[in-house]
Amino acid sequence: MRKELGLLNLICLLVALGFLAMAVISALGSGDFLTIDNLFIITVCLVMALMFAVPVLSYMYQQGKLPVPFLKRKAAPASLSTTWGATGSAQVRPATTPPLLDARGRAVPPDVKAIMNRMGAHTEAKDA
């Protein structure tokens, strides 16, 4: 899976660079820069380059290989974990505790877990 992802990222990056090169060649090779045809070709090439570059840049950002300038990262507290949502934005949520298991190793239902949490809070308060 990792090799496939690396190969796809490499292909996307090469295609994006190819579209950027086409935009530069179109801009430098034309006699008149401000024609409708030339501006359209340059715009299409730049949009296509952006479409192929965004997945690569997103992957690199998620892996921590692409630092974002002018963005100061706050250190997340130990009790919080960061996950990536479907929109690509980071979502901070409390770290999950290990599941509460019964005597047979099955997960305890949420209502029983809530009762156990309340009972645990009362017993800790009595001990202190």
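1. Helix H1 (residues 2-29) supplies the largest share of the nonpolar patch, namely eight residues. The patch covers about 820 Å² of surface and is formed by Leu7, Leu8, Leu10, Ile11, Leu13, Leu14, Leu17, Leu20 and Leu46. Patches consist of residues with over 30% relative accessible area and no salt bridge, nonpolar side chains (Val, Leu, Ile, Met, Phe, Trp, Tyr) being joined within 5 Å and like charges within 9 Å. Accessible areas follow the Shrake-Rupley method with a 1.4 Å probe, and for residues only the protein chains shown count as cover.

2. This is a predicted model, in which local features need pLDDT of at least 70 and side-chain atom pairs count only at pLDDT 80 or more, while totals for chains, interfaces and linings use all residues. Residues are numbered from 1 along each chain as its sequence is written, and side-chain values use heavy atoms, with hydrogens and water left out.

3. Leucine 8 is found in helix H1 and is exposed, at a relative accessible area of 52%. Isoleucine 11 also lies in helix H1, but is partly exposed, at 43%. Here buried means under 20% relative accessible area, exposed over 50%, and partly exposed in between (1.4 Å probe, protein chains only).

4. The protein chain has three helices and two strands, in the order α-α-β-β-α from the N terminus. Helices (H or I, at least four residues) and strands (E, at least two) are DSSP runs, numbered from the N terminus. Of the 128 residues of the chain, 11% count as buried.

5. The axes of H1 and helix H2 (residues 36-62) come within 8 Å and cross at roughly 160 degrees, which makes H1 roughly antiparallel to H2. Axes are lines fitted to C-alpha atoms, for helices over the stretch in contact, with angles running from 0 to 180 degrees between N-to-C directions; angles under 35 degrees count as roughly parallel, over 145 as roughly antiparallel, 65 to 115 as roughly perpendicular and the rest as oblique. Leucine 8 and valine 56 are 48 residues apart in sequence, with their C-alpha atoms 8.8 Å apart in space.

6. One salt bridge is counted (a side-chain nitrogen of Lys or Arg within 4 Å of a carboxyl oxygen of Asp or Glu). Aspartate 102 pairs with arginine 106 in a salt bridge, the closest N and O atoms being 3.0 Å apart. Aspartate 102 is partly exposed, at 29% relative accessibility, and arginine 106 is partly exposed, at 46%.
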